[in-house]
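Thank you all for making the time this morning. I would like to walk you through one model, and I ask that you keep the sequence and the structure in view while I talk.

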Amino acid sequence: MPPPIPAKAVPKRALVISGGGSKGQYAVGAIEHLLGDLKMDFQIYAGVSVGALIAAFLAQYGSGQEEQAARDLKALFSPIRNKDIWKNWFLGQLAGVLWKPSLRDSGPLQNLIATRLDPDKVRKSGKELRVGAVSLTTGEYVVFDQNYVPLAPAVYSSSAYPAMFKPGKHRGQLWTDGGVRSVTPLKAAIDAGASHIVYITLAPEKPSFGFEADPETLDVAMRSVELMNDQITRDDIKIAQLYNQLAVAGARTDKRKVHLTAIRPSGPINKDSLNFDPEEAEQAQVRGYRDTIEALSAS
């Protein structure tokens, strides 16, 4: 008897969203077109940092609910202000330097995730979720999926901006922003079986804003993280491109070619990744929406 013919792999489409703090409003605008206008059905959502928040939120919606997901995402993100994400400690940044685990109290962000993310909905939606965080305890980069328990702390951990926000706590370890190792988690989507990936990168192709002549310590720290993220983003994209080169060349039989579509701003979105302002949010969303139309028409 001849061996059975293997079933044809079902194509999986993934949406990957990079980290970038308040620049995530750009992704909200992009998703308004992808899900709201085009009703694109993604089987996999992957993200890091603010991308993890967006990915987890969208993963609560099943196939056929794309428009609703896009509307609800915009309604949630558009009015967000600093007070909804972070607040200063009682004694300000001095408390963060001397006694606290972070320069700012990110309790509001933890509360936002706890109240707006329903792990049961994620698990029952039929969608696959991938969010990455880095263990401060072991240094390991770990990808969590929709079945991980507890899910909300894992999503928060992915978005725990290094030194600025409190580390996440679960699995007996302390966790920080996944962007320390992978800003645009394309590999996580590929490993999940994606054959088509639309990825939204919040780091612009052109150089970011210039730097102040007389910066404060916090300015230097923020600038350093953004420069690090720019390089990691480039590395993430190069890894995905190398994966495709190996697949096309037949150098690795265990690899398949993945169709990649990039959505990326041509220039800076805003100056401060931790400044959440509704007016800036609207401008970023409009740019994301328009850039997505152009990117898809060119692909």
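Of the 299 residues in the protein chain, 51% are buried, where buried means under 20% relative accessible area, exposed means over 50% and partly exposed lies in between, with a 1.4 Å probe and protein chains only. Please bear in mind that this is a predicted model, in which local features need a pLDDT of at least 70 and side-chain atom pairs count only at pLDDT 80 or more, while totals for chains, interfaces and linings use all residues. Residues are numbered from 1 along each chain as its sequence is written, and side-chain values use heavy atoms, with hydrogens and water left out.

A word on confidence, then. The pLDDT, which is the predictor's confidence in each residue on a scale from 0 to 100, averages 87 over the protein chain, and 81% of the residues score at least 70. Over residues 1-8, however, pLDDT stays under 50, and for that stretch the model has 0 contacts beyond four places in sequence, a contact being heavy atoms within 4.5 Å.

The secondary structure of the chain comes to 11 helices and 8 strands; these are DSSP runs numbered from the N terminus, with helices (H or I) of at least four residues and strands (E) of at least two. If we take the contacts between residues at least 6 apart in sequence, 73% of them join residues at least 24 apart.

Let me now turn to helix H2. How many of the residues of H2 are buried? The count is 9 of 9, so that H2 is mostly covered, and the buried residues include Val-50, Ile-54 and Leu-58.

Which helices pack against it? In general, two packed helices are described by the angle between their axes and the distance between the axes. The axes here are lines fitted to C-alpha atoms, for helices over the stretch in contact, and the angles run from 0 to 180 degrees between N-to-C directions.

Helix H1, residues 24-37, packs with H2 at an angle of about 30°, the axes being 10 Å apart. H1 and H2 are therefore roughly parallel to each other, since angles under 35 degrees count as roughly parallel, over 145 as roughly antiparallel, 65 to 115 as roughly perpendicular and the rest as oblique. On the H1 side the contact is made by Gly-24, Ala-27, Val-28, Ile-31 and Leu-35, and on the H2 side by Val-50, Ile-54 and Leu-58. By class, this contact of H1 with H2 has 7 nonpolar, 1 polar and no charged residues, where Ala, Val, Leu, Ile, Met, Phe, Trp, Tyr, Cys and Pro count as nonpolar, Asp, Glu, Lys and Arg as charged, and the others, Gly among them, as polar.

With helix H3, residues 66-77, the axis of H2 comes within 10 Å and crosses at roughly 135°, which makes H2 oblique to H3. Val-50, Leu-53, Ile-54, Phe-57 and Leu-58 of H2 meet Ala-69, Asp-72, Leu-73, Leu-76 and Phe-77 of H3, and by class this contact of H2 with H3 has 9 nonpolar, no polar and 1 charged residues.

Let us look next at the loops on either side of H2. Ser-49 sits in the loop between E2 and H2, has a phi near 60°, a positive value in a residue other than glycine, and counts as buried at 6% relative accessibility. In the loop between H2 and H3 we find Gln-60, which is buried with a relative accessible area of 11%. Its C-alpha lies 7.9 Å from that of Lys-124, although Gln-60 and Lys-124 are 64 residues apart in sequence; leaving aside neighbours within four places, the contacts of Gln-60 include Arg-116, Asp-118 and Ser-125.

Is Lys-39, by comparison, buried or partly exposed? Lys-39, found in the loop between H1 and strand E2 (44-47), is partly exposed, with a relative accessible area of 43%, and its phi is near 55°, again positive in a residue other than glycine.

Two further places deserve a look before I stop. Trp-86, in the loop between helix H4 (82-85) and helix H5 (93-98), is buried at a relative accessible area of 11% and, not counting residues up to four places away in sequence, touches residues including Arg-104, Phe-165 and Phe-276. Finally, a cis peptide bond with omega of about 5° joins Val-149 and Pro-150, and Pro-150 is placed in the loop between strand E4 (141-145) and helix H8 (151-158).
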